[in-house]
Amino acid sequence: MTTLIADPSAIPASPDVEVAQIMSAIYGDGILGLKGAFNREWVRELGEDLAVLYQAALARPGGAVGRGTNRHYVEIHPEDIRGFTVFVTHPWVRAVCGAVLGPQYQIVEIGFDVPNPGAKDQPWHRDFPAEHETLINRRLDSLAFNLTTVDVEADMGPFEIAPGTQWDDPSSFDHGMFAPKALYGRYEARAQQKMPKMGDISVRSALTMHRGTANTSSKARPVLVLGVDAPGAGHHEKHDLQVTETFYQTLPEDVRQHMLCRVLPQLEPITQGHTIEGLMMGDA
């Protein structure tokens, strides 16, 4: 696929970015959004690419991992989608990464989730256990950016998040990630369902308690995921970000310095490493 390099027409306008606003949102609610970050034509092309990659992943052993009934996650190669560089060089994306994770932030993951028709409510969960940096030092060292490729409607299984819960004590959580059902009332009382439109982008701490809800529609809800770490966070060990030497040379230097990836003569098939057993085993 052709990768668009630094296409300014994909970005309607450069947003005014306030570091205090970013930090307040991520350390407070645990999530922040920007509406209209990209134009709809750019997102439509991205959606076309993800549709092709999804079918290829489903046909390949280990190409997709289950995240519950009729849900999959697929990790991909940056050069398999149009607009990777446009995405990671968006001024807002760069500003958020720099503010929360520091100037040496590292891109460690690119992939997508697909909640298909018939997907059920997921259990309330984190994407990984909280580590010492968060539990003791009260520092968040990773971010997950989400970009929907469709206009999300109420019956399409919207993403649901419980603001402020990135700081919850995980001592009673299964595997440090899955809250006991006795705590569900706390999360449901705080829950916010997100229904972004094509072009909207969000960023969150993956420790903030969240879940996908039931998709009762006839439409899938694909969403692109970008994972970014502070140095030393270690989440790259669950992923296999790789690029070809040819593609790597097309990237601007200020993108290359943030890529924690393997540079190869040829791409290798990705065996999905970020499995979340509690989501593969069933629904809430």
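Q: Where is Ala56 found?
A: Ala56 is found in helix 2 (residues 40–59). Helices here are DSSP runs of H or I with at least four residues, strands are DSSP runs of E with at least two, and the numbers go from the N terminus. The model is predicted, so local features need pLDDT of at least 70 and side-chain atom pairs count only at pLDDT 80 or more, while totals for chains, interfaces and linings use all residues. Residues are numbered from 1 along each chain as its sequence is written, and side-chain values use heavy atoms, with hydrogens and water left out.

Q: Why is Ala56 called partly exposed?
A: The relative accessibility of Ala56 is 40%. Buried means under 20% relative accessible area, exposed means over 50%, and partly exposed is what lies in between (1.4 Å probe, protein chains only).

Q: How far apart are Ala56 and Arg186 in sequence and in space?
A: Ala56 and Arg186 are 130 residues apart in sequence, and their C-alpha atoms are 40 Å apart.

Q: What makes the chain as compact as a globular protein of its length?
A: The chain has 9 helices and 12 strands. Its radius of gyration is 18 Å, close to the 19 Å that the globule rule gives for 284 residues, so the chain is as compact as a globular protein of that length. The radius is taken over C-alpha atoms, and the rule is 2.2 Å times the number of residues to the power 0.38. Along the principal axes, the C-alpha atoms fill a box of roughly 50 × 40 × 35 Å.

Q: What share of the contacts joins residues at least 24 apart?
A: The share is 87%, taken among contacts between residues at least 6 apart in sequence. A contact means heavy atoms within 4.5 Å. Buried residues make up 53% of the 284 residues.

Q: Which side chains count as positive or negative, and how many of each are there?
A: Lys and Arg count as positive and Asp and Glu as negative, while His and the chain ends are not counted. On that basis the chain has 24 positive and 36 negative side chains, with the centres of the two sets 5 Å apart. Each charge is placed at NZ of Lys, CZ of Arg, CG of Asp or CD of Glu.

Q: Why is one side of strand 1 and of strand 2 left without a neighbour in the sheet?
A: 7 strands form an open sheet in the order 1-8-5-10-4-3-2, with antiparallel pairing. Strand 1 (31–34) and strand 2 stand at the edges with a single partner strand each, so one side of each has no neighbour in the sheet.

Q: How do you know that strand 3 and strand 4 pair?
A: Two strands pair if DSSP finds at least two bridges between them. Strand 3 (residues 71–75) and strand 4 are joined by 5 bridges, so they meet that condition, and they run antiparallel. Among the bridge partners are His72 with Val114 and Val74 with Phe112. Strand 4 also pairs with strand 10 (residues 223–229) over 7 bridges, in the antiparallel sense. There the bridge partner of Phe112 is Leu224.

Q: Why is strand 4 called largely enclosed?
A: 8 of the 10 residues of strand 4 (residues 106–115) are buried, so the strand is largely enclosed by the rest of the structure. Strand 3 is likewise largely enclosed, because 4 of its 5 residues are buried.

Q: What makes strand 5 mostly covered?
A: In strand 5 (residues 142–148), 7 of 7 residues are buried. Ser142, Ala144, Asn146 and Thr148 point one way, Leu143, Phe145 and Leu147 point the other way, and all are buried. Strand 5 runs antiparallel to strand 10, with 7 bridges, and antiparallel to strand 8 (residues 201–204), with 4 bridges.

Q: Why is His175 called exposed?
A: The relative accessible area of His175 is 55%, so the residue counts as exposed. His175 lies in the loop between strand 6 (159–161) and helix 6 (184–190), and its phi is near 60°.
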